[in-house]
Amino acid sequence: MVKFQALDRTFSALSDPTRRAILEHLGRGPATMSELAHPFGISLPGLMKHVRILEQADLVTTEKHGRTRECRLG
């Protein structure tokens with residue numbers, strides 16, 4: 001079962017509609033955390049939890065630029 005852990009993480013990350021919408025948004029190009037949070041009406045900490053799950057599944061990457069964190073498809 002160990003060989004399916006990465007696949008399980010990916011499917012788990014994709015099971016949430018908010019995370020799928022985040023991926024769709026990032027398909028149009030990189031975005032800051034604030035830009036991602038705005039259309040969903042969720043707080044930055046709430047968005048960061050979703051992004052962290054997507055990062056753990058290797059679907060997105062984040063990079064800090066000054067005071068902002070940019071997110072892009074991994």
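Predicted model: local features only at pLDDT ≥ 70, side-chain atom pairs only at ≥ 80, totals over all residues.
Residues are numbered from 1 along each chain as its sequence is written, and side-chain values use heavy atoms, leaving out hydrogens and water.

Helices (H or I, at least four residues) and strands (E, at least two) are DSSP runs, numbered from the N terminus. Two strands pair if DSSP finds at least two bridges between them. Strand β2 (residues 60-65) pairs with β3 in the antiparallel sense over 6 bridges, and His-65 has Thr-68 as its bridge partner in β3. In the hairpin of these two strands, with 2 residues between them, Gly-66 takes a positive phi near 65°. Strand β1 (residues 31-32) also pairs with β3 (residues 68-73) in the antiparallel sense, over 2 bridges; here Thr-32 is partnered with Glu-70.

Now turn to helix α4 (residues 44-56). Which of its residues are buried (under 20% relative accessible area, against over 50% for exposed and partly exposed in between, with a 1.4 Å probe and protein chains only)? They are Leu-47, His-50, Val-51 and Leu-54. Down the axis of α4, the buried residues fall within an arc of 95° (taken from the directions from the helix axis to the C-beta atoms), so they line one face of the helix. An α-helix has 3.6 residues a turn, so residues three or four places apart point the same way. The face turned away from the buried side of α4 carries exposed Pro-45 and Lys-49. Just after α4, Asp-58 takes a positive phi of about 60°.
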